[in-house]
Amino acid sequence: MTPLQDLRIAILVDDLFEQAELASPKQALEDAGANVSIVAPKGPSVTGLHHADKGDTFKVDLTLDQAKADDFDGLVLPGGVFNADALRVVPAAQAFVKAFERAQKPIAVICHGPWLLVSAGLVRGRTLTSWPTLQDDIRNAGGMWVDREVVTDRNWVSSRKPDDLPAFNRAFIELLTQHAHV
């Protein structure tokens with residue numbers, strides 16, 4: 001039996017996300033036994049970026065209007081400037097992440113992904129990391145920003161950048177495993 005067997009995880013993105021920040025957690029979660037779904041504001045697909053270069057296209061499993069937080073055990077928020085800046089102003093994306101937080105379900109966020117948490121009003125009193133340029137946004141929203149490879153604060157795991165993905169994936173799988181056994 002794998003540690004995350006029967007868990008359902010949503011990865012929420014819009015176009016032009018940082019591809020490694022979707023692909024690496026998705027693979028790690030699936031290898032641990034989770035069922036992973038890509039959720040986006042619209043389908044049928046989304047396109048990633050390799051830093052500034054166009055990346056691959058990924059099939060959208062559910063659009064935001066079809067996805068319900070109740071159907072998932074955890075959420076991953078990849079970064080990428082364009083993706084994060086687009087998602088942060090989508091009311092359905094804010095509602096989706098707020099539903100995970102209300103239920104205290106595990107949320108993993110990396111790079112520019114915290115912008116959605118800031119815009120949804122969720123970072124007050126939380127400690128997290130991100131791409132360094134978001135530190136003022138996080139602090140101004142009442143959060144504590146730290147420069148570390150990975151930070152776990154209650155039901156959140158956060159990291160700064162693609163180089164942090166191994167630690168990010170390990171910490172999120174550990175958090176999901178703990179949460180599943182509670």
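Reader: What makes L16, V81 and F82 a nonpolar patch on the surface?

Author: This is a predicted model, so take what follows as computed from it. L16, V81 and F82 together have about 260 Å² of accessible area. A patch takes residues with over 30% relative accessible area, and nonpolar side chains are joined within 5 Å. L16 has 31% and F82 has 53%, so both pass that 30% cut-off.

Reader: How do you know whether H51 is buried or exposed?

Author: Set its 60% relative accessibility against the over-50% cut-off, and H51 counts as exposed.

Reader: What makes β4 and β5 a pair?

Author: Two strands pair if there are at least two bridges between them. β4 (residues 45-50) and β5 (residues 53-59) have five bridges, so they qualify, and they run antiparallel. S45 has K59 as its bridge partner in β5, and T47 stands opposite T57. The two strands form a hairpin with two residues between them, and H51 is in the turn.

Reader: How do you know that β2 also belongs with β4?

Author: Two bridges join β2 (residues 17-18) to β4, so the pair meets the at-least-two rule, and here the strands run parallel. F17 has G48 as its bridge partner in β4.

Reader: Why is the pairing in that sheet called mixed?

Author: The order is β2-β4-β5, in an open sheet of three strands. Since β2 and β4 run parallel while β4 and β5 run antiparallel, the pairing is mixed. β2 and β5 are the edge strands, as each pairs on one side only.

Reader: Why are both faces of β7 said to be covered?

Author: Buried means under 20% relative accessible area. In β7 (residues 74-77), G74 and V76 on one side and L75 and L77 on the other are all buried, so both faces count as covered.

Reader: Which strands pair with β7?

Author: Three bridges join β1 (residues 8-12) to β7, in parallel, and A10 has L75 as its partner. Three bridges also join β7 to β8 (residues 107-110), again in parallel, with V76 opposite A108.

Reader: How do you know that the protein agrees with a compact globule?

Author: For 182 residues, a compact globule would have a radius of gyration near 16 Å; the protein has 14 Å, which agrees. Buried residues make up 54% of the 182. The C-alpha atoms fill a box of roughly 40 × 35 × 30 Å along the principal axes. The protein has six helices and 12 strands.

Reader: Which residues does the UniProt domain annotation cover?

Author: The unreviewed UniProt entry gives "domain: DJ-1/PfpI" for residues 8-174. Over that stretch the chain is 32% helix and 29% strand, with the end C-alpha atoms 15 Å apart.

Key: Residues numbered from 1 in each chain as written. Predicted model: local features only at pLDDT ≥ 70, side-chain atom pairs only at ≥ 80, totals over all residues. Heavy atoms only, no water. Helix = DSSP H or I, 4+ residues; strand = E, 2+ residues; numbered from the N terminus. UniProt positions renumbered as here; feature names shortened; annotations may be inferred. Buried < 20%, exposed > 50% of the residue type's maximum accessible area, 1.4 Å probe, protein only. Patch = residues over 30% accessible without salt bridge, like charges linked within 9 Å, V, L, I, M, F, W, Y side chains within 5 Å. Areas by Shrake-Rupley, 256 points an atom, 1.4 Å probe, with all protein chains shown as cover. Salt bridge = Lys/Arg side-chain N within 4 Å of Asp/Glu carboxyl O. Rg over C-alpha atoms; globule rule 2.2 N^0.38 Å.
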